[in-house]
Amino acid sequence: MSLAHDARVTVRPATMAQRPARAWPEVNNPAAWIVAVILLIMPLIANSFFLIEIFATTLILGTIALSLMFLAGYGGMVSLMQLTIAGFSAYMVAVFGVSANTNISLGWPWWLAVPMALTLATAFGTLGGALAVRTEGIYTIMITLAIGAAFYYFTNQNWAIFNGHTGINTVATPHFWGVNWRADIPFYYVVLAVAAFCYFAVEYLSRAPFGLALQGVRDNPRRMAALGFNVNAHRVAAYAFASFVAALAGVLQVWNYRQISPGSVSVGACIDILIIAVVGGITRPIGPFIGALIFVLLRTFALDFLVRLGLDGNRFRLLIGLGFLAIVFWSSDGVIGLWQRWRQRQGLNAPSSRGGRRHG
Amino acid sequence: MDSVAHRLSAVGAAAALELRGVTRMFGALAALTDVTITVRPGERRAVLGSNGAGKTTLFNCITGDFPPSSGTIRFFGEDVTHFPPYERIRRGLRRTYQISALFPGLTVQDNVYLACRGVSRGRFSFLRPGQNDALMHAADNLVQAVHLAAVKDQRVAELAHGQQRQLEIALALAGAPRFVLFDEPAAGLSPTERAELIEILTSLPAHIGYIIIEHDMDVALRVVESVTMMHNGRVFKEGLPQEIQSDPEVQELYLGGGHE
């Protein structure tokens with residue numbers, strides 16, 4: 001047991017603890033129902049560009065960031081390798097499944113390739129976590145970043161499995177029951193279902209013994225050991241769960257783009273996940289999805305916006321960076337924190353209000 | 001006839017806690033030197049000594065927060081010297097901390113629930129506790145026992161100091177404790193709260209032994225039957241409370257200087 005737990009990344013305690021135990025928190029929140037209905041009827045409202053490029057992409061990135069939120073918000077462990085785990089899972093779908101690179105892909109049907117990819121990616125993330133939990137705070141960040149960077153360079157240089165810098169192209173997507181599940185509308189619902197499943201799983205787990213104990217580990221690992229908990233085993237288990245969530249999102253990602261290449265697992269992309277989670281807020285599972293929506297909207301539209309102002313469109317990252325700075329400066333729990341304080345100032349809410357929810 | 005030495009000779013392998021030659025170094029500094037202490041099951045003992053005498057380090061070695069540099073520690077006959085803290089806790093050892101070590105982001109109820117869960121199965125359970133969960137009831141009872149039922153849904157960060165100290169004790173009494181280490185439980189408590197603390201300690205079931213570190217003699221000597229006096233990391237004296245209180249050397253050391 002290290003005594004250095006004071007140096008760990010501390011998370012402002014979430015208001016989640018104020019909600020009554022054992023109840024589903026969303027059921028009585030009308031905003032959550034409205035958002036749920038909008039998400040369900042989205043294909044009637046949005047054209048295919050918005051459906052896939054904005055909303056499906058948001059949900060996929062949000063799910064990866066959700067896995068980071070789970071580790072950082074509940075466990076106090078900032079892992080920069082969550083995108084790497086998703087990317088590993090995506091690569092495994094391409095390697096075991098069907099793609100245009102017939103010399104690499106083994107041609108398994110999707111229902112065999114996907115469980116294989118999920119298993120391997122979860123094992124990969126758990127091993128990475130087992131390394132990372134020996135450290136605290138900034139060293140956890142460094143180790144997980146090193147794993148992410150190593151994987152990026154490895155995929156670039158390995159041709160036998162990862163096909164070097166060109167990656168694996170034209171990855172097959174599932175067709176069954178007469179449905180092309182990569183067609184825009186079915187794919188949107190697949191993504192929505194997976195994201196909702198992960199969201200509710202994290203939400204549910206936060207009040208289950210495993211999740212509560214993880215929050216105990218975040219608050220005071222030494223005391224957790226003095227209550228009979230094996231703190232490191234708990235942390236590794238948290239990495240395993242988070243890896244599974246990230247791996248699910250990785251499968252969706254490779255189906256979304258139908259290809260995977262080192263560019264998708266770059267160090268920059270790993271850091272984007274951190275930005276998404278922090279901008280949205282890492283105290284609650286909804287935060288990463290809000291962060292992802294902001295990120296995707298900026299990434300998609302900031303370019304046109306900047307060009308219209310007569311600036312270089314490639315500077316959209318500048319906008320994201322400035323937004324990131326503003327958020328961490330004014331609100332250490334992200335947009336959901338800002339939103340909540342605004343609601344409180346409006347005097348609209350009871351102390352337990354958790355306004356502005358999206359599910360999924 | 002009832003001297004500490006006499007009792008110790010009769011204890012043998014059944015001692016609740018048996019330290020033999022425990023030494024703990026911090027670099028070149030010896031925080032504990034050759035400490036040998038035996039406590040029988042159900043015995044209640046105070047450890048006295050000025051600041052820096054090694055009292056809290058002694059606790060940290062017993063629980064495994066720091067492993068001892070040398071020596072052996074037996075808990076109910078079992079050599080636990082190299083066990084991680086959680087293995088000792090699961091065998092019935094408990095402790096409180098001098099500076100409250102709680103989970104500020106969680107509610108009082110959740111703090112106590114975690115303590116109950118830590119010494120039972122299902123620490124990794126993915127299922128939320130149901131309405132009739134036995135550990136939830138155990139947690140409810142503990143919360144009541146330390147007079148915190150009124151604030152059980154409040155976050156610990158919002159509690160008053162005295163309430164945090166009471167919660168600190170509740171966490172140490174979860175499950176089936178066999179031996180408890182109390183590290184200055186009365187620190188910063190009001191006179192009323194001290195009386196409540198004494199009541200909690202004296203009403204513990206007789207089979208639960210404890211060691212208490214306490215500067216307040218009024219509290220310490222009312223709740224123990226034996227005293228170990230430490231000085232500069234060594235055991236200086238052992239005896240009954242009245243022997244220690246009337247010992248001239250102890251009076252000079254402890255009551256004369258160094259006491260905060």
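**Figure 1. His147(B) counts as partly exposed, with 16 C-beta neighbours inside 10 Å.** The model is predicted; local features need pLDDT of at least 70, side-chain atom pairs count only at pLDDT 80 or more, and totals for chains, interfaces and linings use all residues. Residues are numbered from 1 along each chain as its sequence is written, chains are lettered from A and ligands numbered from 1 in the order in which they are written. Burial is set by counting other C-beta atoms, placed from the backbone, within 10 Å of a residue's own: 20 or more is buried, 12 or fewer is exposed, and anything in between is partly exposed. His147(B) sits in the loop that links H5 and H6 of chain B. Its phi is positive, near 60°, and the residue is not a glycine. Most residues other than glycine have a negative phi. Helices (H or I, at least four residues) and strands (E, at least two) are DSSP runs, numbered from the N terminus.

**Figure 2. Helix H5 of chain B has a buried side and an exposed side.** H5(B) covers residues 134-145. At 1.5 Å a residue, its 12 residues should span 16 Å, and the end C-alpha atoms are 17 Å apart, which agrees. The expected span is 1.5 Å times one less than the number of residues. The buried residues of H5(B) are Leu135(B), Ala139(B), Leu142(B) and Val143(B). They cover an arc of only 100° around the axis, so they lie on the same side of H5(B). The arc is taken from the directions that lead from the helix axis to the C-beta atoms. Residues three or four places apart point the same way because an α-helix has 3.6 residues a turn. Ala134(B) and His137(B) are exposed on the other side of H5(B). The buried residues pack against two helices of chain B, H4 (108-118) and H6 (161-172). Contact here means C-beta atoms, placed from the backbone, within 7 Å of each other.

**Figure 3. Four strands of chain B form an open antiparallel sheet.** The strand order is S2-S1-S4-S5. S2 (29-39) and S5 (78-79) of chain B are the edge strands, each pairing on one side only. Two strands pair if DSSP finds at least two bridges between them. S1(B), residues 17-26, is joined to S2(B) by seven bridges, and the two run antiparallel. Leu19(B) has Ile37(B) in S2(B) as its bridge partner. Helix H2 of chain B (residues 55-63) lies across S1, S2 and S4 (70-75) of that chain, at about 65° to S2(B). Angles run from 0 to 180 degrees between N-to-C directions; axes are lines fitted to C-alpha atoms, for helices over the stretch in contact.

**Figure 4. Helix H4 of chain A packs against H6(A) and H5(A).** H4(A) spans residues 82-96 and H6(A) residues 138-157. The axes of H4(A) and H6(A) are 8 Å apart, at an angle of about 35°. Their crossing is left-handed. A crossing is left-handed if the near helix is turned anticlockwise from the far one by less than a right angle, and right-handed if clockwise. Leu83(A), Thr84(A) and Phe88(A) of H4(A) meet Ile147(A), Gly148(A) and Phe151(A) of H6(A). H5(A), residues 110-132, crosses H4(A) at roughly 145°, and the axes come within 8 Å. This crossing is right-handed. The H4(A) side includes Phe88(A), Met92(A) and Phe96(A), and the H5(A) side includes Met116(A), Leu120(A) and Phe124(A).

**Figure 5. Val245(A) is a buried residue of helix H10 of chain A.** H10(A) runs over residues 231-257. Around Val245(A), 30 other C-beta atoms lie within 10 Å. Leaving out residues up to four places away in sequence, Val245(A) touches Thr63(A), Leu66(A), Ser67(A), Phe70(A) and Cys198(A). Thr122(A) is 123 residues away along the chain, yet the two C-alpha atoms are 8.6 Å apart. In chain A, 76% of the contacts between residues at least 6 apart in sequence join residues at least 24 apart. Of the 360 residues in chain A, 48% are buried.

**Figure 6. Asn163(A) takes a positive phi of about 55° although it is not a glycine.** Asn163(A) is in the loop between H6 and strand S1 (175-176) of chain A. Asn163(A) counts as buried, with 23 C-beta neighbours inside 10 Å.

**Figure 7. Chains A and B meet through 28 residues of chain A and 32 residues of chain B.** On the side of chain A that touches chain B, H7 (184-205), H8 (209-219) and H9 (221-225) each supply at least two residues. H8(A) gives the most, with seven residues.
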